[in-house]
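Hello,

Here is the structure I promised to pass on. Please have a look at it first, and my notes follow below.

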Amino acid sequence: MITVKDIWYKSNNTQLLKGISFDVIPGDVLAVLGANGAGKTTLLKCLSKELVPEKGDILFREKTLNHWQNKDLSKHRAVLSQHYQVTLPFTVEQIVMMGRYPHFKNHPLPKDHDIVKQSLEFAGILHLQYRNYLTLSGGEQQRAQIARVLSQLWEDENDEKLLILDEPVSALDIQYQHHIMQLVRKLSTRNFAVIAVLHDLNLALQYCSKALLLRNGEQVAFGSTGIIDRALIKKVYSVDSDLVYHAATHKNYIVITE
């Protein structure tokens with residue numbers, strides 16, 4: 001679905017990305033991991049077409065990303081930024097309908113209203129559809145934003161879709177962190193590929209199928225989340241750790257030991 005080939009990006013004579021290469025297909029949930037300043041957000045900006053790499057190429061559905069028209073691209077790929085400011089008292093339903101803007105000209109059609117309802121239901125917030133968005137908790141607002149980007153892509157169940165998430169669980173309590181990541185994993189069963197910047201390695205191990213680890217703009221490792229071990233954690237984060245196997249989930253979990 002999306003293939004990144006040896007991309008480099010420089011800003012103000014500082015090399016922020018250095019030869020990044022990876023790919024994701026529908027069904028993948030890729031965690032982009034690394035310490036602060038590793039290049040995670042810069043990479044996502046290249047994937048979202050906000051920045052253009054100086055070298056290398058990004059192919060989306062076998063076509064160079066920069067050759068896509070934004071309106072066409074928006075029907076197959078959605079981006080949820082880390083910060084999304086809302087100052088007006090929109091209802092949750094109105095926020096989610098914003099995701100449908102690429103699909104209609106002047107007024108939403110019955111199909112658009114149906115898709116908004118489906119997206120709200122999938123995100124588990126149908127009961128909040130008429131609530132003022134500004135009155136919601138942080139976790140509820142994040143679910144509304146997830147529903148918004150879902151409504152943007154919720155057109156053809158057989159169509160391959162890409163969802164890019166920049167720190168989707170930042171500032172959320174542990175309950176909502178897991179709610180959001182459960183939604184993300186559920187999407188991977190519906191022909192979605194998901195790329196998410198995460199800071200919590202244990203969330204990545206529990207919910208993601210692949211991991212891309214960056215350090216100082218360089219690609220340290222890419223593969224299944226099984227590649228994450230003590231040596232890799234030390235190399236990327238400069239901390240000592242142990243991996244503990246949990247029999248109920250059949251997953252490894254990380255305990256920092258220093």
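Let me begin with helix 1, where the buried residues are K40, T42, L43, L44, C46 and L47. Here buried means under 20% relative accessible area, exposed over 50%, and partly exposed in between, with a 1.4 Å probe and protein chains only. Helix 1 spans residues 40–47 and is mostly covered, with 6 of its 8 residues buried. Helices (H or I, at least four residues) and strands (E, at least two) are DSSP runs, numbered from the N terminus. Just after helix 1, K49 has a positive phi of about 75 degrees.

A word on the source: this is a predicted model, in which local features need pLDDT of at least 70 and side-chain atom pairs count only at pLDDT 80 or more, while totals for chains, interfaces and linings use all residues. Residues are numbered from 1 along each chain as its sequence is written, and side-chain values use heavy atoms, with hydrogens and water left out.

Next, the aromatic rings. The structure holds 4 aromatic pairs. In F22 and F222 the ring centres are 6.0 Å apart and the planes stand at 50 degrees, so this pair is tilted. For the cut-offs, rings of Phe, Tyr and Trp (its six-membered ring) pair if their centres lie within 6.5 Å; planes under 30 degrees apart count as stacked, over 60 as edge-to-face and the rest as tilted. Because F22 belongs to strand 2 (residues 14–24) and F222 to strand 10 (residues 218–224), the pair ties together parts that are 200 residues apart in sequence. F22 is buried at 3% relative accessibility, whereas F222 is partly exposed at 27%. Y101 and F104 make an edge-to-face pair, 5.9 Å from centre to centre with 90 degrees between the planes. F104 is buried, at 12% relative accessibility.

K55 lies over the face of W8, 4.6 Å from the ring centre, and K63 lies over the face of W68 at 4.9 Å.

Finally, some backbone angles for you. N191, in the loop between helix 6 (174–187) and strand 8 (192–197), has a positive phi near 70 degrees and is partly exposed at 25% relative accessibility. H250 has a positive phi near 60 degrees; this residue is in the loop between strand 11 (241–246) and strand 12 (251–256) and is exposed at 58%.

Best wishes

How values were computed: Lys NZ or Arg CZ within 6 Å of the ring centre and 35° of its normal.
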